[in-house]
Amino acid sequence: MACGTDHVFRGLNPMQKDITRLSFILLFAPFALWIVLLIVLPHIGMVIISLREKVAPRVYEFSFAQYIDFVQEPIYWNTLLRTGSMSLLVTVLALIIGFPIAYYIAKIAGKRSKGALFLLCLIPLWVSDLIRAFGWILLLRETGVVSTALQKTGLVSQPIEFLYNDATVIMGLVYTVILFMIVPLVSTLDGMDDAMVEAGYNLGGNGPTVLRRIIIPYAMPGIVSGCIVVFMLTAGSYLTPILLGGKNSSWFTEQIYEQFISRYNWESGAAFGFLLLFFTSLVVWLGLKLSGQTLSSTVAKS
Amino acid sequence: MSAEFDLECLSVSKNFGSVRAVQDVSFKIPKGSFFSILGPSGCGKTTLMRMIAGFEDPSSGDIHIKGKSVLNTAPNKRNVKMVFQHLALFPMMNVFENIAYGLRCRGESTSEINRKVHDVLERIALPDVGKREIHQLSGGQKQRIAIARCMVLDPDVLLLDEPLGALDLKLREAMKIELKLLQHQFDTTFIYITHDQSEALVMSDNVAIMNDGRFEQVGTPQELYHDPRTAFVAGFVGDNNHWTGKVEGVSGDRVTLLTQTGLNMSGHMRGSMQATQGGNLTLYVRPEFIKTRKADAQTEVSDGDNSLTGKIDSLLFNGANSRILVRGPGQELIEADIVLTGGTDDLKPGDAVHLTWPAEQTMCFAA
């Protein structure tokens with residue numbers, strides 16, 4: 001950093017130099033405070049808490065007991081794997097549904113309808129997660145709109161419970177996070193010259209070839225960045241799986257909540273929290289390796 | 001319907017709503033020639049090209065390639081390749097993959113693809129760039145790769161949509177010559193779209209001047225320059241001095257006239273147009289046909305020549321293409337080419353000069 005700032009300041013008189021340095025410090029300070037106070041310190045605290053064991057009231061010892069517990073109890077790591085695989089499924093579904101929408105907004109819609117469509121995508125964000133989840137409950141519960149409508153039309157004879165199964169949880173999650181897939185996709189596809197697609201056809205490619213060899217590789221930074229954000233949000237989400245999946249949705253965040261709040265076992269909760277962070281980071285790292293992208297070429301860009 | 005013509009357009013028209021972008025355009029392009037479509041922005045030339053490539057459907061008319069109508073052929077099935085304005089090279093593929101793309105779409109074997117790509121890179125004199133990424137190439141190299149990417153597919157017609165527009169002046173001059181050489185080497189029909197007349201005149205065997213959705217004139221560059229058929233062509237191709245005037249006397253295609261600025265001139269009607277007594281005319285005189293002498297030199301003006309005396313307003317020095325602006329008796333500014341030697345005899349601003357030019361080079365059109 002020292003050498004970087006020196007380079008910027010070279011050629012200025014001392015007064016200007018001080019002013020530039022001061023404004024740099026003032027602008028950088030909130031960011032540094034945020035990172036240190038809200039991210040670095042709490043996580044150090046979490047790691048410390050997770051690495052101790054209660055041996056007697058108010059007496060703690062350094063140990064790996066929490067992590068050993070996690071490995072030895074299948075229900076714990078099964079929940080983590082289940083959360084991971086369902087989050088991956090949500091990510092894939094969000095990509096498959098979001099890509100055509102993003103392509104339409106970026107390439108097919110006219111200039112004016114583009115803004116309107118984008119706004120339409122944003123509208124659900126004005127309502128809190130909680131209210132949106134209750135909206136789904138209103139629609140899908142046994143006495144809800146869908147069930148009643150099906151009975152009225154005579155398609156079914158008994159009320160149906162649509163809530164509290166995995167399909168509903170996945171649908172609810174896709175609905176919650178799809179916007180975060182669409183936004184980076186629109187911004188990368190927007191930058192693609194239409195002539196590129198036309199060149200793809202002109203040189204003899206058919207629709208699937210152009211999609212596979214030109215559009216998707218071009219949109220790869222957006223795809224990867226959308227997938228990272230969506231995966232992280234899904235794996236770390238709490239409200240939607242609990243409300244739509246019920247108490248048995250076995251989402252890993254629920255496990256963490258239980259350790260902290262119900263059992264008051266902060267050591268184990270901290271360890272789980274750290275494991276979730278480690279696990280999702282690992283998946284993201286694998287995803288980046290497989291797609292040949294880097295963090296700076298994807299998330300940093302969009 | 002002979003296959004001597006690589007491309008034929010028969011009364012092609014295209015309307016966008018009420019806008020008539022292309023109106024009743026017909027032309028034939030012989031095998032292996034360099035054909036340019038020259039026109040100002042918005043004249044419909046890009047629309048015409050997109051119809052040939054298949055990205056737009058004509059509202060009426062027919063397009064034949066190698067004697068067969070291609071109206072119902074999808075763009076990816078036409079053997080017409082296109083070099084786009086901004087080239088549209090694929091940034092996520094390297095040079096080799098860019099060129100191989102079309103061959104892979106055709107499903108050719110790997111060994112065949114390797115051979116053809118190396119062959120075409122050899123021909124554009126860039127044999128070692130296959131492994132490079134697109135962003136590592138210079139502007140001129142990108143240009144050649146974009147052409148190679150099309151030529152490797154051995155197209156019937158290659159369309160070029162102002163591909164030199166993004167290059168700087170020096171490179172553009174070099175690429176003009178190179179394009180012409182490449183066209184000879186590949187012996188394929190090139191259709192070149194541009195608004196830059198020097199590109200069109202230098203490279204083409206034939207040029208079509210397009211204006212307002214129509215072809216004004218099709219001919220060799222020399223024909224267009226020396227024998228324009230319409231006032232638009234005369235004004236658009238080359239530099240001009242331009243007057244408007246009224247006909248005072250007619251004998252054959254020779255007219256005498258009075259310009260609005262009050263000059264008497266004689267000129268020739270062009271474009272098989274008839275002059276009528278008292279009719280309005282537009283007339284054009286190219287700067288290189290105007291002879292300049294210092295006014296103090298006692299020289300006789302030969303019969304039939306137009307002449308006037310004026311004062312040099314400014315001198316536009318540009319090496320061999322230097323020019324003067326002369327303030328004429330009607331206060332109009334007249335451009336004339338001159339030779340500057342750097343000696344003391346050179347003309348200077350403020351000098352009184354005598355301008356003469358032949359009636360044959362005074363191109364008149366009925367307005």
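Helices (H or I, at least four residues) and strands (E, at least two) are DSSP runs, numbered from the N terminus, and two strands pair if DSSP finds at least two bridges between them. The model is predicted, so that local features need pLDDT of at least 70 and side-chain atom pairs count only at pLDDT 80 or more, whereas totals for chains, interfaces and linings use all residues. Residues are numbered from 1 along each chain as its sequence is written, while chains are lettered from A and ligands numbered from 1 in the order in which they are written.

**View 1. Strand 1 of chain B with strand 2 and strand 4 of chain B.** Strand 1 (residues 5–16) pairs with strand 2 (residues 19–30) in the antiparallel sense over eight bridges, and Leu7(B) has Ile29(B) as its bridge partner in strand 2. Two residues lie between these strands in the hairpin, where Gly17(B) takes a positive phi near 60 degrees. Strand 1 also pairs in the antiparallel sense with strand 4 (residues 60–65), over five bridges, and there Ile63(B) is the bridge partner of Cys9(B).

**View 2. An open sheet of five strands in chain B.** The order is 15-19-16-17-18, with antiparallel pairing. Strand 15 (291–294) and strand 18 (333–337) stand at the edges, each with a single partner strand, so one side of each is left without a neighbour in the sheet. Four bridges join strand 15 to the antiparallel strand 19 (residues 352–357), in which Thr356(B) stands opposite Lys291(B).

**View 3. Helix 5 (residues 111–122) of chain A.** The end C-alpha atoms of this helix are 18 Å apart, which agrees with the 16 Å that its 12 residues should span at 1.5 Å a residue, the expected span being 1.5 Å times one less than the number of residues.
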